[in-house]
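Colleague: I'm new to this one. Could you walk me through how you back up the labels you use?

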Amino acid sequence: MESSKESYSISVGSLVERFCRSGDLDLEFWQSTHPVEGIRAHQRIQRSRPEQYESEVPVSHQVLRDGVAINVQGRIDGVHQLSDRVVIEEIKTTRRDQTSFQGLENQRHWAQVKLYSYIYAVIHSPPLIETQLTYFHLTSRQTFESRKCFDMGELEDFFNDLIDQFLNQEREAQDWCRLRNQSIASLGFPFPRYRPGQRQMAIEVYRAIRDQEHLLIQAPTGIGKTLAAIFPALKALGEGSTERILYLAARTTGKAVAQKALEQLRGEGLRLRSVVRTAKDKICFNPEKGCNAEECHFAKGYYDRVGEAIEQLLELEFLNREAIEDAAEKHTVCPFELSLNLTMAVDCIVCDYNYAFDPRAILRNLLYEEDFRPTFIVDEAHNLVDRARAMFSAELSKQEILSVRRAIQKRLPGIAKQLSKINSWMLKQRKVFQKENDSIASPEAPKDLLPVLKQFQQSVEPWISQKANSRFPFRDLLLDFTFKVHRFLRVAEGYNVCYSTIHERIGKEFRTRLFCIDPSQQLSAALARASSAIFFSGTLTPSDYFKRLFGCSDEAKSLILPSPFPQSNLCVLVGDRVATTFRKRTETKREVALALLSLIAPRKGNYLLFFPSYKYLNMVLEVFYSNSPKVVTLVQTPEMTETEREMFLEQFTEQQEETVVGFAVMGGAFGEAIDLTGERLAGAAVVGVGLPAICAERELIRSFFDTREGKGFDYAYSYPGIIRVLQAAGRVIRSETDRGVVFLVDERFVRRPYCHLLPAEWRPVTVRNSVQIEDSLTKFWTVPTPSLKGQE
């Protein structure tokens, strides 16, 4: 083989995935196999083969095309050496209805075994070579085998055709990267100057990506965090320090801000292909139908048309929801799956956390690609801890079991019987409880429940996999519950010391939950798939707490930036004589209400008052309203719709003829990620230190980290509480021209650890009665303060 300066390496599996998919889209979950199940099934078949059979045979073949060396490698499941021929075997596992694959020609599976056969033949020159596909059904434990013979010329043509397609695609990608990198090299910052702290953040982000590190940044509103993260990440991308950027957001608003930053940079000449991932339930054209060709015409022939849709979209560079939907409609393909297929063709993916961390939604085609590790940029990263706990936990409900059983028992008595077994297990557990509302935690997984769930899974999957059964009205209900069982079993497989099992009785209801106490192990595994990770938020202190729970490396760095705005623009008051603990709330509710009235008295305007719970909010609201019936009062409720939340915020206008006061809860829809700039918000009060309510989960977190870190109360209550406080307070100053007041109402704010967790630039003034509150605010509002100039 001649030497070549340019070379590529690709696995047989990746080559097939790229170029050998055809026909329909079928996303029903029972086709997916857990890696452990797949390995055991492979081993079972391999052990059943004769002595001349060799398992897991590594092969590699390098070819030269137009001066480019291309190495294709892989591992053959089995090679059976016979006297007159060799049989190359590829083993596949499935849960699909057996009739659906026994007569089916899966072109992708045959392509894989054909490539292995060709490479083996080139290396060993056997007299005759046969190919065999072996399917193992995970439920019935039956196997189905299919053999084909291909002559060497046919195999060689097939191999060469794929290599030509691969090389063309790589050259197109290389041409694009060259154009992209040239634009990045000449790209300037889109504003005349950086805001205070913004340049420092950008430098640290660039270095972390260049050096493949983890970096945690606490940066308050006003620094321009999003641009300070994206701009240096693009510079690092253009220099080859990373291959792709995943911008991960907790909310739609976070994705929108990232899109805006990318558009600003495109206005400066940036050439970049980016895609914005939209949740399936929002982008699906046929949400009431299954993801298969029989029910949805956007799934039928999907792989025969998706290539043209991708070509159309890549000409646009900025691939948002509207662009994806337009292309999907034009080419009659599923928009959700189209956006997934685009991930390997773009430079930047803007999406929710779960596409990088949640085992159910992770971008496997991207993050499991060999030798491919993108950069993670995690926006509003303080949300990741609780989101991760939810991702890695699972729960089953007795009432849901009964509901599904009632719906199916006439048509599907066999499956209903399996549901009865699950229900019987729950009834047995419920008898242990002496009280109607109680919970019991155990460090052990419910091992005696798992076989019952597996029996249900085995009984239901053949019925669900038959497309003709989609006509039954209860199918979706049964399918949803089957998903939950599937998830419960998956979580149970990874159950370890970081988990606890919670049995909870609420009246007649009974729930069993596998609760992830410490998500750091699984987050660490996700971070290992990235070359670098940048976490940023307005609240990421204490940094050691977040480093620990994010699963960061020991070498992870942290950066804390002060507010870029004049300290004199913000007045921070602390009511240090008011007790708001649970036992004191009834006693002090009048004192709290009068203090809040003193907050709004010196200046007409809009105010947000935050409470730790709805119950406490309503206690104070009653007293507040009785003492100020003419004040316009808005109240957040648990059942608020998105439209109602928007109407709530619309009341906070710039031109206000009267004072408007909004009562809200910390950690809720109005506690973060909203911008009420200028005169839309004059101040906010935060009543209490934001501690989460005592519950089984929080007590497990407390016990777990008491044992391991000696900081159980901090990890379970104090740190999550202060994050809520700071997020709520952060609604006040949103720009360099804003002025406002933050009123912290709780005696604990002047004690450790809370006083040490407040921002260093805050200079809180203690106030102990209504006179002091109103005097302090009158002085603040009557003193004019010059503002800084910044980015428009």
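This is a predicted model: local features need pLDDT of at least 70, side-chain atom pairs count only at pLDDT 80 or more; totals for chains, interfaces and linings use all residues.

Colleague: On to salt bridges. How many are there in the whole structure?

Modeller: A search finds 40. As background, side chains of opposite charge can pair when their charged atoms come close.

Colleague: Why is the contact of E672 with R251 called a salt bridge?

Modeller: The cut-off is 4 Å between a side-chain nitrogen of Lys or Arg and a carboxyl oxygen of Asp or Glu. For E672 and R251 the closest N and O atoms are 3.0 Å apart, so the pair qualifies. E672 sits in the loop between strand 22 (660–665) and strand 23 (683–687), and R251 in the loop between strand 8 and helix 8 (252–266), so the bridge ties together parts that are 421 residues apart in sequence.

Colleague: Are those two residues buried or partly exposed?

Modeller: Buried means under 20% relative accessible area. E672 has 7%, so it is buried. R251 has 31%, which falls between 20% and 50%, so R251 is partly exposed.

Colleague: What about D386 and R698?

Modeller: Their closest N and O atoms are 3.4 Å apart, within 4 Å, so that is a salt bridge too. The pair links distant parts of the chain, with D386 in helix 15 (residues 384–391) and R698 in helix 25 (residues 696–708), 312 residues apart. D386 is partly exposed at 42%, while R698 is buried at 11%.

Colleague: And how do you know that E400 is buried?

Modeller: Its relative accessible area is 19%, and the limit is under 20%, so E400 counts as buried. The side chain of E400 meets that of K484 in a salt bridge (3.0 Å, N to O). E400 lies in helix 16 (residues 398–408) and K484 in helix 19 (residues 475–493), so parts 84 residues apart in sequence are tied together. K484, at 36%, is partly exposed.

Colleague: Which residues are linked in a network of salt bridges?

Modeller: That would be E395, E504, E509, R511, R513 and E697.

Colleague: Now the surface. What makes the patch with E154 negative?

Modeller: D151, E154, E156, D157 and D161 gather there. Asp and Glu count as negative, so the patch gets that label.

Colleague: Which residues make the nonpolar patch?

Modeller: V122, I123 and M152 make a patch of about 210 Å². M152 lies in helix 5 and is partly exposed at 35%.

Colleague: Last one: why is Y120 called buried?

Modeller: Y120 has 4% relative accessibility, under 20%, so it is buried. Y120 belongs to helix 4 (residues 107–124).

Methods
Residues are numbered from 1 along each chain as its sequence is written. Side-chain values use heavy atoms; hydrogens and water are left out. Patches are made of residues with over 30% relative accessible area and no salt bridge: like charges are joined within 9 Å, nonpolar side chains (Val, Leu, Ile, Met, Phe, Trp, Tyr) within 5 Å. Accessible areas come from the Shrake-Rupley method with a 1.4 Å probe; for residues, only the protein chains shown count as cover. The place of a charge is taken as NZ of Lys, CZ of Arg, CG of Asp or CD of Glu. Helices (H or I, at least four residues) and strands (E, at least two) are DSSP runs, numbered from the N terminus. Buried means under 20% relative accessible area, exposed over 50%, partly exposed in between (1.4 Å probe, protein chains only).
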